[in-house]
Amino acid sequence: MTTTASKVLDRVLVLEMVRVTEAAAIAASTLTGRGDEKAADAAAVEAMRAALNELDMDGTVVIGEGERDEAPMLFIGEKVGSGTGPAIDIALDPLEGTTICAKSGPNSLAVLAIAEGGGLLNAPDVYMDKLAVGPGLPDGVIDLDRTPTENVEAIAAAKGVKPADIIACVLDRPRHEALIAELRSIGCGIVLIGDGDVAGVIATTDPDTTIDVYMGSGGAPEGVLAAAALRCVGGQFKGRLLFRNDDERARAAKWGVTDLDRQYDLTDLAKGDCIFAATGVTDGSLLAGVKRRGKVMTTESVVMRASSGTVRWVKGEHRLDR
Ligand SMILES: O=P(O)(O)OC[C@H]1O[C@](O)(COP(=O)(O)O)[C@@H](O)[C@@H]1O
Ligand SMILES: [Mn+2]
């Protein structure tokens, strides 16, 4: 897939995005392991918002902390940045994995993705059925209309291994009982994660994790963020919104999502050029978490761009005494 570089995104320094996720991660890290999810999230949100507002852009939050009436900051539709400069859509999760952070578990991240206006699906805050594999497999190897067994068989055939050699990553939830039982019945290994499916999906792109496929439902906003990352590093992603009631369907309609049963592909979720950035809050498979040693805080971030496929790993040292 070749993607034309966006001149609009050129005007916002790619590396500026790292400063934004760093700020959120540092703020959240002061509350890591303190058992207070809300406080950690609020700290990350406030810091991310302040950092975004320093940038010269006409930014609109399309995926954020929720609807205006339920989120005081970084709500869907909120304008961020100076207001002058390029029109940019932003999907963000200042603290992806609030519970992880509160318990000091693995893989909580500060994440965001940006694209030209209209480039990101305005996913409502509902669940999404997700299926993802890393790069190098034939197109169409995964499909949400197939059973988990059929998908595992197709991935195994493409990799030249047995279905029992396939390792799947799945959120540890009662709703995934049948999925987990089916995968175990064909001998798959399952990496059960407590939270954090953005990292879970991205893990399929990193051979060091040994994870071949991500399966199961999680937040739709996190699905768009993960898709933006896979647009940059390669891989395949399928997503379908799941609605539990009419209120959720109405939310989708409100944000212009009309084809409710559609199976989304990577480019339906994040199209054109896009940039994905993340900073680790706690240690994880993608990034090390924020560490404080005396008066220095260290951060580890990644920023990547779809049009060039460039992936930059950024280590930061932040002095608390200056
Ligand atoms: O906990 P649920 O309802 O199964 O939702 C799953 C979603 O929650 C998370 O585990 C964590 O979400 P938060 O960032 O809101 O804490 C996501 O990674 C995932 O998509
Ligand atoms: Mn999240």
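Is D41 buried or exposed, and how many C-beta neighbours does D41 have inside 10 Å? Select D41 and look around: with 23 C-beta neighbours inside 10 Å, D41 counts as buried. Here, a residue is buried if 20 or more other C-beta atoms lie within 10 Å of its own, exposed if 12 or fewer, and partly exposed in between, with C-beta atoms placed from the backbone.

**Before you go on**

This is a predicted model, in which local features need pLDDT of at least 70 and side-chain atom pairs count only at pLDDT 80 or more, while totals for chains, interfaces and linings use all residues. Residues are numbered from 1 along each chain as its sequence is written, and chains are lettered from A and ligands numbered from 1 in the order in which they are written.

**Stop 1**

Helices (H or I, at least four residues) and strands (E, at least two) are DSSP runs, numbered from the N terminus. Not counting residues up to four places away in sequence, D41 touches L95 and T98. Two residues are in contact if their C-beta atoms, placed from the backbone, lie within 7 Å.

UniProt, in an unreviewed entry, lists D41 and E65 under "binding site". They span 25 residues in sequence, yet no two of their C-alpha atoms are more than 9.6 Å apart, so they gather at one spot. UniProt positions are given in the numbering used here, feature names are shortened, and annotations may be inferred rather than shown by experiment.

E65 sits in the loop between β1 (58-63) and β2 (79-80). E65 is buried too, with 26 other C-beta atoms within 10 Å. Show its contacts next: leaving out residues up to four places away in sequence, E65 touches V45, A71, M73, L74 and F75.

**Stop 2**

Zoom in on D93, which belongs to strand β3. D93 counts as buried, with 29 C-beta neighbours inside 10 Å. Apart from neighbours within four places in sequence, D93 is in contact with V111, P221, E222 and L225.

Then move to E222, in helix α8 (residues 220-233). E222 is buried, with 25 other C-beta atoms within 10 Å. Its contacts, not counting residues up to four places away in sequence, are D93, E96, D197 and V198.

**Stop 3: ligand 1**

Which residues come nearest to ligand 1? Of the 14 residues around ligand 1, they are T98, D195, G218, G219 and E222. A residue is near a molecule or strand if its C-beta atom, placed from the backbone, lies within 6 Å of it.

Colour β3, α4, α7 (197-202) and β8 (213-219): each supplies at least two residues of the shell around ligand 1. By class, that shell has 2 nonpolar, 6 polar and 6 charged residues. Ala, Val, Leu, Ile, Met, Phe, Trp, Tyr, Cys and Pro count as nonpolar, Asp, Glu, Lys and Arg as charged, and the others, Gly among them, as polar.

**Stop 4: the two domains**

Zoom out and give each domain a colour: domain 1 is 11-120 + 274-319 and domain 2 is 127-269. Such bounds come from an automatic or database domain assignment. The C-alpha centres of domain 1 and domain 2 lie 23 Å apart. The contact takes 24 residues from domain 1 and 18 residues from domain 2.

Where is ligand 1 in this picture? Both domains give residues to the shell around ligand 1, so it lies between them.

**Stop 5: the nonpolar core**

The largest nonpolar core has 104 residues, and those with the most contacts inside it are A28, M48, A113 and V224. This core draws at least three residues from each of domain 1 and domain 2. A nonpolar core is a set of buried Ala, Val, Leu, Ile, Met, Phe, Trp, Tyr and Cys residues joined through C-beta atoms within 7 Å.

Finish by selecting V224. Leaving aside neighbours within four places in sequence, V224 is in contact with I63, A91, L120, L121, A123, L269 and A270.
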